[in-house]
Amino acid sequence: MSGTSAQLSRLLTLLPWLLARPGTRIADVAAEFGVTEARLRRELDLLWVCGLPGHGPGDLIDFSFEGDTVTVIETAGVERPLRLTVDEALALVVALRALAETPGLRDRDAVDRALAKVERAAGEAAAPAGRVEVALEGEERVLPVVQAALDAGRQLHLSYYVPARDETTDRDVDPMRVLVVEGRTYLEAWCRRTEGVRLFRLDRVEDVRLLDTPAQPPPEAQPRDVSQSLFVPSPDATLVTLALRPAAAWVAEYHPCESVQESSDGGLTVRLRVADLAWARRLVLRLGPHVQVLGPPELASEVRAEAALALSAYGPESRSE
Amino acid sequence: MSAKKTERLLNLVICLLATRRFLTVQQIRSAVPGYDQDTEDAFRRMFERDKDELRELGIPLETGTNSAAHDDEPGYRIARRDYELPDISLEADEAAAVGLAARLWQSAPLAGATGSALMKLRAAGVDAPVAPALLEPRVAAGEPAFPACWDAVRDGRPVRFEYRPAGRPAPEVRTVEPWGVVSWRGRWYLVGFDTDRQAQRVFRLSRVVGDVQPAGEPGSVRPHGEVDLRAAVARMAADEPRAVARVRLRTGAGWELRQQATSTRPDGDGWDVVEIGFSDPDRLADRVAGYGSDVVVLSPPEARAAVVRRLQALVAT
């Protein structure tokens, strides 16, 4: 969409939005529409000179400003928002349908009612919605216990698999919420063992038990912002630099990198912070010929040593090419 | 971006919404500021571009005549009932569900679309508070082929692309009438009718190589009857393993491999042997190599060879 289209679309939504909310603070309107206050004021100025043909008194769009608030007085007939476009209707209806089918979602009834109303308002624009389906994974084994803990406000005992060390650990946690990201379900909780907020992938929970102890996450246990990435590495973790060939470039999408640089062969040079060098060693072993370790040197030598050890189990065939 | 152009387009929308009669091009020219200073030719070109721009935003521009007389010049208007979002009011829990749905997509174009849909609902008076829910599903669509496939499915338009099936080195060109896209276990698939093979096929979008090109007109995809898209993808995903590898694992290690194992038995001395389905030896090597010396592939030979190649390359670095 061009800049003008985006702006026109925003202005056509802005008028009815303001009409529905007289006396809203200008700063709040700007935040709602994701623009700066200065920009919003310029757009209000622009609206002010638009209106019905003739452009006489009463034909033009008009506002009253009181303190730092704004109220629409004349709308020039733009009193309702435009219908949803096919993309908007599709994205919203498909998302609601996916939610309605998510196992473990408790407000299914509300989702169903919202879906019916949105479909009715979208009309024909929602017609292609049957051509897009999102299957969110169900989690029937661990989730009911987790939800019981959240409902009752009680702690959980988890036996949890830690892939970086390839071992199972035991811990008590204070559950905070459940997330589903990229088809996987996670429990976000305050971990009593590590004294920090941790995400636990439910399919890596080997065993879960509801405890009698009330859950009391400390005040510093804040849910993390998952709009960007689930995994925010701590700044004191080891900095690892990898040269990724094109076949391994997905690593840059799956793991948050401090920097990503394109190289001349179509690959990437990435720098990432890892809490545990064992995790990086396993990643590099997994990527094999598609990655080169640029640093730290001990990671490169650990990888070589582990690969040589693994190779020794294959006997004579490992020496012939 | 030009404020003048936005102003002209906004005045045009207001003017066409206000009229019940169809307005001729000349009537529009004299009524809407911004069309008055150009030559006739320049005005016509500008008006054509403006019409396209309004239609792109989904504004229903109607053309027609005010009487049946055939010398009546056709004109334009916007029918209010086609333009305006119908009344919608949501209970608090319904609004929360819509808010949750709007946060589902982690892909920029889809998140943008739900975002602007939500703003329109809010402009219609709906209040959708951002209340964190107990369960917060997120769906990404990072596959480069996704946007083009979404458009093709939305518009019912055949497509052509290069595709690299599992275990085959060279991509092949496929032409498909797309029936739908399905997100399954965090990955996107395209389901449709492969016109070269004359059969239903499922494609994993991450295996599409390069651009997805249109291969027909919008609306030319033929109906498929009652194909269950999701079931088709589930079948394909379940069919994927074509061979079984026997893998020796140190006791307690290789948790993820154990999760996928079809059988597990102890092998003495702190080792187990598991059986794992796979389709492509190199992909099996991907899954195995990360565990280093805790895992040894026993059979079949091609899977062993893939792991040995992988480890040799790592030792040589």
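Two residues count as in contact when their C-beta atoms, placed from the backbone, lie within 7 Å. These legends describe a predicted model, in which local features need pLDDT of at least 70, side-chain atom pairs count only at pLDDT 80 or more, and totals for chains, interfaces and linings use all residues. Residues are numbered from 1 along each chain as its sequence is written, while chains are lettered from A and ligands numbered from 1 in the order in which they are written.

**Figure 1. Chain A meets chain B.** Here 92 residues of chain A are in contact with 91 residues of chain B. On the chain A side, the elements that give two or more residues are α1 (3-20), α4 (86-100), α5 (108-122), β4 (132-135), β6 (167-181), α8 (277-287) and α9. Helices (H or I, at least four residues) and strands (E, at least two) are DSSP runs, numbered from the N terminus. The most comes from α1(A), with twelve residues. By residue class, the chain A side divides into 55 nonpolar, 15 polar and 22 charged. In this count Ala, Val, Leu, Ile, Met, Phe, Trp, Tyr, Cys and Pro are nonpolar, Asp, Glu, Lys and Arg are charged, and the others, Gly among them, are polar.

Figure 2. Strand β4(A) and strand β5 (residues 172-184) of chain B pair in the parallel sense over four bridges. Two strands pair if DSSP finds at least two bridges between them. To find your way in this view, look for A:V134, which stands opposite B:S183 in β5(B).

**Figure 3. B:A18 and its contacts in chain A.** B:A18 sits in helix α1 of chain B. Leaving aside residues up to four places away in sequence, B:A18 touches A:L52 and A:G77. The cut-offs are 20 or more other C-beta atoms within 10 Å for buried, 12 or fewer for exposed, and in between for partly exposed, with C-beta atoms placed from the backbone. From B:A18 to B:V139 there are 121 residues in sequence and 42 Å in space, C-alpha to C-alpha.

**Figure 4. Two helices of chain B cross.** The axes of helix α1 (residues 3-18) and helix α3 (residues 40-56) of chain B come within 11 Å and cross at roughly 75 degrees. That makes α1(B) roughly perpendicular to α3(B). Axes are lines fitted to C-alpha atoms, for helices over the stretch in contact, and angles run from 0 to 180 degrees between N-to-C directions. Angles of 65 to 115 degrees count as roughly perpendicular, under 35 as roughly parallel, over 145 as roughly antiparallel, and the rest as oblique. The contact is made by B:L9, B:L12 and B:V13 of α1(B) with B:D50, B:E53 and B:L54 of α3(B). These residues divide into four nonpolar, no polar and two charged.

**Figure 5. A four-stranded sheet in chain A.** Four strands form an open sheet in the order β11-β12-β10-β13, with antiparallel pairing. At the edges are β11 (259-262) and β13, each pairing on one side only. Direction ignored, neighbouring strands of this sheet are turned by 25 degrees against each other on average. Strand β11(A) pairs with β12 (residues 268-274) in the antiparallel sense over four bridges. Within that pair, A:V260 stands opposite A:V270.

**Figure 6. A three-stranded sheet in chain A.** This open sheet has the order β1-β3-β2, and its pairing is antiparallel. Its edge strands are β1 (24-25) and β2 (62-66). Five bridges link β2(A) to β3 (residues 69-74) in the antiparallel sense, and A:S64 stands opposite A:T71 in β3(A).

Figure 7. Most residues other than glycine have a negative phi, and most peptide bonds are trans. A cis peptide bond joins A:G295 and A:P296, with omega about 0 degrees; A:P296 is in the loop between β13 (291-295) and α9 (297-312) of chain A. Another cis peptide bond joins B:S299 and B:P300, where omega is about -5 degrees. A:E195 is not a glycine, yet has a positive phi of about 50 degrees. A:E195 lies in the loop between β7 (184-191) and β8 (196-201) of chain A, and is exposed, with 11 other C-beta atoms within 10 Å.
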